[in-house]
Each structure stands twice: as C-alpha cells, then as structure tokens.
Amino acid sequence: MPESSKVCLQQMGAPLWTPEYCFRRDQGHPQYFKNESWHTTNLGELLQQMLQCYDSRVRVEHGGRGNPTEVQVSMYILSIGNFQVRDMVRGETRQQWQDSRFAYKNHFHEEKITLGGAILEQLWLPQTYFVNKKGASASTDANFFVRIFPDGSVLVITKNTLTMDCYMDLRNFPFDVQKCNLTLESFGFTTKDVVYKWVSLDSSEAVEKDPGLTTSEFDIGPIRIFESATMYKTGLFSGLKMELNFQRRSMYYLIQIYLPSAMIVVLSWISFWIDNQSIPARTALGITTVLAMTTLLFGVQSSLPSVPYIKAVDLFMIVSFASVFVALVEFAVVNYTSMREKEQKESRTTKNKYTVNPDVVMLNFRNLSYERDGKDEHHMQNGVSHDGTVSNIENNNADVHKINEPMSNGTIDEHAPRDRKDSSRDLSHVLEPSHRSKKCRWRCKVTANGIDAWSRVLFPLAYGLFIVAYWIIYSANTEKSS
C-alpha cells in the first residue's frame with residue numbers, strides 16, 4: 001500500500017496498516033479473514049485478525065442492504081430500593097445485535113468468546129440510554145462483559161444502578177398501586193439506523209427478576225413490556241418501555257396510623273360518661289385527645305411528599321381529628337346547658353314564694369267596699385267577702401276568698417271601683433301564661449344529661465358508619481387500580 005494511503009487511513013482513525021482483503025467482497029459480503037481455511041487456537045491472534053479490519057465508527061450493516069440494526073434487549077432486576085417519588089433499580093441490561101465483522105465461524109474452536117477490559121471502546125455501540133433516569137452508575141470496567149458468537153452475534157451486558165423518576169398517584173395512599181416506567185432509547189441513532197426489540201414478547205423472559213427480589217414497603221406485581229417510538233425534532237427514535245407495578249403493604253400504616261387514631265377517638269368518648277360537673281376531668285381529657293391527634297396528623301404529613309390533593313390517610317386523619325374536636329365542643333355545650341339549668345332552678349325557687357293558684361288567691365290588701373248592680377252592698381275585709389253572712393271560710397286563721405271567674409269577654413265590671421280594676425290588672429301576669437314560658441318550651445326539654453346520653457349513641461354510630469364507608473370505597477379503588 002502506498003505511504004500516502006497509510007497516512008490517509010491513519011488520519012481517518014483506521015489502523016495504520018489495513019490488509020487489502022479487508023475491503024474485498026466475497027458473494028456480496030466483505031471479507032475480514034485471509035481465507036476460509038485460516039484457523040487459530042490463540043484468542044489474541046483471532047482478535048487481532050478481526051479488529052484490524054474493524055472500524056467502530058461504522059454502524060453494523062452500513063453500506064450493505066440498508067436495513068436498520070436490530071438490537072434485542074433483555075433485563076435482569078437484582079434489587080429495587082425503597083422510594084417515595086423516585087425509585088432505585090439495580091440490575092443488568094443485555095443488548096444483542098448481529099455484526100458480520102465478528103463472524104469468526106470455524107476460524108476458532110470456541111463456541112463463544114467472552115471479553116472484558118477496554119474492548120467496549122473498540123466496538124460499535126447503539127448508544128443506549130435510559131430516558132427517565134435522574135442518576136445512574138454504569139461500570140465500564142469490572143461490571144460488564146462482551147460475548148461474541150461464531151455467527152457474529154455480539155452480546156453486551158452491563159450492570160447498572162439507576163435512580164429514576166416515578167410519578168406516583170397518592171390519592172389512595174396507603175392502599176395505592178403504583179406504576180413506574182423505565183424507558184430506554186438510542187441517543188444518536190434514529191429508526192433508520194437502530195430499532196430496539198425485546199428478546200421475547202413474554203415479559204417473564206424479557207425481564208427476569210431475582211428470586212429473592214422484594215421490598216419492605218411494596219409487593220412487586222407483574223411487569224409489563226412495550227415497544228415504542230418517540231418523535232423528536234432530530235427524528236423518530238425507537239425505544240423500549242418496562243412498567244413496574246407495586247402494591248403498597250398497608251399493614252404498617254394500619255398499626256402506626258389508623259389504629260392509634262381510632263383509639264384516640266374512642267378515648268375522647270369517655271368524657272360522655274363522666275359527670276358534667278367534673279369540669280377539670282372532662283376538659284383535660286378533651287384537650288389531651290385533641291393534642292394527641294394533632295401530633296399524629298403532623299407526624300404523618302412530614303413523612304410524605306407534598307401533593308395538591310387529599311390522600312386516603314388524610315381523609316381518615318381529618319375525620320378523626322374532627323371527631324375528637326367535636327367531642328370537646330360537646331362538653332362546652334353540655335357545660336353551658338348545665339349552667340342554664342342551674343339558673344332556671346334558682347329562678348323557680350325564687351318565684352315559688354309568690355306563686356298563686358289561679359282558683360284561690362291569697363290576698364292581703366286593705367278593706368274595700370263596692371256595690372253590685374247598685375243593690376246589695378258587699379264588703380271585703382282582710383280578703384273575706386261579707387254580705388251579711390260569712391261563707392267559704394275553711395280556717396279562721398287564714399283569710400281565703402274564691403274569686404268569681406271573669407266574665408266571658410274577659411273584662412272587669414264597669415261598676416267595680418278603680419281599686420278593683422287595678423287589682424285585677426296586677427294579677428293578670430299570674431293568671432295568664434307568660435310569652436317567655438312559651439318560648440322556652442323546647443329549650444327546657446334539652447338538658448345536659450340528655451345531650452350526653454345522645455352523644456353516647458350518635459358519636460360512635462357516626463364514626464362507625466364513616467369507617468365502613470371508608471373501607472368499602474378505598475377497597476374498591478384498590479381493586480380497580482390493580
């Protein structure tokens with residue numbers, strides 16, 4: 001080969017000396033070995049023979065039939081870390097494609113060649129990357145290897161630790177089912193150059209899981225696989241998607257959140273059985289339960305990501321907090337009602353001193369006389385009527401007089417003296433029910449003990465119905481998500 005040609009190849013990045021047979025064609029395919037009868041038992045010699053005709057800048061089958069290189073992918077998941085809105089996955093990524101430049105056929109006695117070291121820098125790679133990764137660690141030394149088969153198949157296996165975004169819907173938390181997607185594409189090759197395929201349409205074969213794979217917070221569900229193509233400004237890119245399904249283990253939250261919340265609510269109901277006169281005891285119990293629920297509520301919120309909607313656990317905690325708070329308010333109502341009862345009792349005790357029977361009125365006023373119909377003269381002396389004879393006297397020591405019923409029109413006789421009219425007007429508030437007593441009819445029926453008695457039934461009933469409806473609704477949502 002002329003020296004000028006060697007310099008030109010050197011500037012292009014090709015080996016300094018390239019055998020002439022590297023560019024000859026034999027039945028439509030480039031020839032990369034001296035002859036078909038050539039054979040070696042030395043792996044280094046075989047690699048030297050293959051790589052001296054190999055250009056890593058040239059895509060597989062480039063300049064041949066023009067079909068894109070098909071890269072078959074499979075994965076092996078070693079572990080999945082605990083996550084909130086991000087997931088950490090450790091596993092192996094396997095990529096396999098056909099490269100006729102490595103087809104050593106019968107030139108070497110081994111069925112496959114396993115390589116390591118810096119071999120990746122000398123191979124053409126499809127430039128695979130994970131689209132939704134936030135951080136990754138891919139070893140380029142000890143945690144990878146390359147296998148070459150006699151037909152030219154190249155298998156590249158890399159061990160990766162990926163931290164990827166997982167957009168979680170926490171509306172049903174902690175009874176939620178989460179779906180996290182892992183997508184890989186080629187960074188530089190469009191569908192005209194590279195097409196990705198899963199090695200099998202069966203997800204259990206395309207994505208294998210370690211037998212001991214588990215997480216402390218989730219049960220790992222079935223894995224689904226998809227083939228996709230994404231359009232960017234630079235072209236259409238082939239890709240593969242893997243969907244990981246996780247169902248949260250809710251037992252931890254039942255023990256740490258739901259059970260303590262329900263116990264605090266039940267504890268607040270004890271005040272309904274405490275005497276309403278025990279103000280310090282009921283006040284201390286109510287405030288303690290409210291503060292306990294507040295601490296538990298803020299503790300749960302601090303351990304979860306902030307989302308702009310109400311989660312299932314939030315709804316339960318809010319209702320439980322409201323139940324405890326209303327129980328404290330109930331005691332305030334009971335205490336107020338008890339004070340009103342006490343005031344009314346004292347007021348009745350005072351009024352009983354001046355209570356008058358509507359039929360028999362105890363009178364003690366000055367003597368007066370009047371004429372009835374201008375005929376007979378009657379005398380009232382010390383509350384006793386005299387018309388010549390004394391009647392209706394049951395006790396000589398008690399002056400009692402039975403007053404005649406008022407006239408049908410409710411008026412006083414016009415001939416009655418002014419003092420008689422004034423006296424009747426003064427007694428009208430005694431003989432007729434007051435407007436205030438009518439207003440108080442429904443209030444007087446509500447007692448402090450009655451409120452406590454109703455609370456003993458209504459509070460547990462309402463909270464129990466809420467719990468039943470809560471579990472029915474969110475159990476249905478979990479089944480639907482699954």
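Glu243 counts as buried, at 10% relative accessibility; buried here means under 20% relative accessible area, exposed means over 50%, and partly exposed lies in between (1.4 Å probe, protein chains only). Its salt-bridge partner is Arg224, with the closest N and O atoms 3.5 Å apart. A salt bridge is counted when a side-chain nitrogen of Lys or Arg lies within 4 Å of a carboxyl oxygen of Asp or Glu. The pair links distant parts of the chain, 19 residues apart: Glu243 sits in strand β14 (residues 235-248) and Arg224 in strand β13. Arg224 is partly exposed, with a relative accessible area of 43%.

This is a predicted model, in which local features need pLDDT of at least 70 and side-chain atom pairs count only at pLDDT 80 or more, while totals for chains, interfaces and linings use all residues. Residues are numbered from 1 along each chain as its sequence is written, and side-chain values use heavy atoms, with hydrogens and water left out.

**Salt bridges**

Side chains of opposite charge can pair when their charged atoms come close. A search of the whole structure finds 14 salt bridges. Here are some of the pairs.

| Pair | Closest N to O |
|---|---|
| Arg59 and Asp193 | 3.6 Å |
| Glu243 and Arg224 | 3.5 Å |

Asp55 is partly exposed at 21% relative accessible area, and Arg57 is partly exposed at 49%. Arg59 counts as buried at 8% relative accessibility, whereas Asp193, at 23%, counts as partly exposed. In the salt bridge between Arg59 and Asp193, the partners come from distant parts of the chain, 134 residues apart: Arg59 is in the loop between α2 (43-51) and β3, and Asp193 is in the loop between β10 and β11.

**Strands and sheets**

The protein has ten helices and 19 strands; these are DSSP runs, numbered from the N terminus, with helices (H or I) of at least four residues and strands (E) of at least two. Four of the strands form an open sheet, antiparallel in its pairing, in the order β6-β10-β14-β13; two strands pair if DSSP finds at least two bridges between them. The edges are β6 (128-130) and β13 (218-232), each with a single partner strand, so one side of each has no neighbour in the sheet. β6 is joined to β10 (residues 177-186) by three bridges, and the two run antiparallel. Phe130 has Leu184 of β10 as its bridge partner.

Elsewhere, β3 (residues 69-80) and β11 run parallel, joined by five bridges. Gln72 stands opposite Lys197 in β11. In a regular strand the side chains alternate between the two faces of the sheet. Strand β11 (residues 194-198) has Val194, Tyr196 and Trp198 on its covered face, with Val195 and Lys197 on the uncovered one.

Of the 482 residues, 35% count as buried. The protein exposes about 29,800 Å², and carbon and sulfur atoms supply 55% of it; accessible areas come from the Shrake-Rupley method with a 1.4 Å probe, and for residues only the protein chains shown count as cover. Helix α6 (residues 312-351) holds Val329, which is partly exposed at 37% relative accessible area. Together with Phe325, Val326 and Val333, Val329 makes a nonpolar surface patch of about 310 Å². Patches are made of residues with over 30% relative accessible area and no salt bridge: like charges are joined within 9 Å, and nonpolar side chains (Val, Leu, Ile, Met, Phe, Trp, Tyr) within 5 Å.
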